[in-house]
Amino acid sequence: MFRSNACCAGAVLGLGLALAGSAQQQHVQVPTSAPTETKAQDFRDVQFGVRFKVPPGWELTRRDHEVSTFRMDARTAPAKLQMRSVVSMDFNPFPQSTLAGAMVYYSVEKHAKAVECVHQATSSAEPEDTQDIGGMNFVHGHDEHGGVCVEARDEVYTAYRKGACYRFDLELNTFCAVSSGAAELSDTQMADIEGRMAGILSTVTLDWSKTGARPVPPATESQRKKLPLPAVSGGK
């Protein structure tokens, strides 16, 4: 995994590339393509009936904090939402750019409400964009944030079924190019990474759906609408 920590994507790697540790930096060479010996993997969530394919060169884990920090990436996720898996890209096709990481999260909230499920993706009463994923209609929204520059972009997809909210987050992280010597990730390069992540959604199948996997295109610029910061309860 070539991104060190979701909370500090801007402090990630110098383009050797370097993984930033809590106290010191450790330089690790990252491949620019999937190693030839890696193979695709099949993911299945038996409890909720969701399956998808993990491309070669992407790491699959069902535990948070191993390659990511889910709560910092998926800012609109409610406390009850359970991350079921995260797929992370283990190579960097653009090593001279500010690319810091790409991840696809799959999560489910049990005992959810339909309206609240929609609002995880978009604050609009009437969703402006929806997407067929595996034969189920998902609401699509966009969130992004950062300090000096935009460091995290999250394409959020949610759908409600039988009391549960199903959610996918396509997270693309960069770091600020200032004083780093790296080139800003270009629109073409960004589209390439987003296409790879959308390709994973294109393999999603749902046990209750007869339509099978459906092609999912990357989100277009016109579909990206910033979401407000999630409300913080219990604070001063």
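Across the whole structure, a search turns up 9 salt bridges. Keep in mind that this is a predicted model. The views below take in some of these contacts, and then the strand around one of them.

**View 1. Asp42 and Lys53 join up between strands β3 and β4.** Here Asp42 makes a salt bridge with Lys53, and their closest N and O atoms sit 2.8 Å apart. Asp42 belongs to strand β3 (residues 41-45) and Lys53 to strand β4 (residues 50-54), so this contact ties together parts that are 11 residues apart in sequence. How accessible is Asp42, buried or exposed? Asp42 counts as exposed because its relative accessibility is 60%, and exposed means over 50%. Lys53 comes in at 45% relative accessibility, so Lys53 counts as partly exposed.

**View 2. Arg84 and Asp45 form a salt bridge, and both are buried.** The closest N and O atoms of Arg84 and Asp45 are 2.8 Å apart. As for cover, Arg84 and Asp45 are both buried.

**View 3. Arg214 meets Asp132 in a salt bridge.** The N to O distance for these two side chains is 3.2 Å. Which parts of the chain does the pair link? Arg214 sits in the segment after β12 (205-206) and Asp132 in strand β8 (residues 130-133); they are distant parts of the chain, 82 residues apart. With 34% relative accessibility, Arg214 counts as partly exposed. Asp132, at 26% relative accessibility, also counts as partly exposed.

**View 4. Arg44, Arg51 and Asp207 make up one network.** What joins these residues? Salt bridges that share partners bring Arg44, Arg51 and Asp207 together.

**View 5. Strand β6 is mostly covered and pairs with β5 and β7.** Strand β5 (residues 58-61) pairs with β6 in the antiparallel sense, over 4 bridges. In that pairing, Thr61 has Val86 of β6 as its bridge partner. How many bridges join β6 to strand β7 (residues 99-109)? There are 6, and these strands run antiparallel as well. Look for Val87, which stands opposite Val104 in β7.

Key:
Residues numbered from 1 in each chain as written. Predicted model: local features only at pLDDT ≥ 70, side-chain atom pairs only at ≥ 80, totals over all residues. Heavy atoms only, no water. Salt bridge = Lys/Arg side-chain N within 4 Å of Asp/Glu carboxyl O. Helix = DSSP H or I, 4+ residues; strand = E, 2+ residues; numbered from the N terminus. Buried < 20%, exposed > 50% of the residue type's maximum accessible area, 1.4 Å probe, protein only. Pairing = 2+ DSSP bridges.
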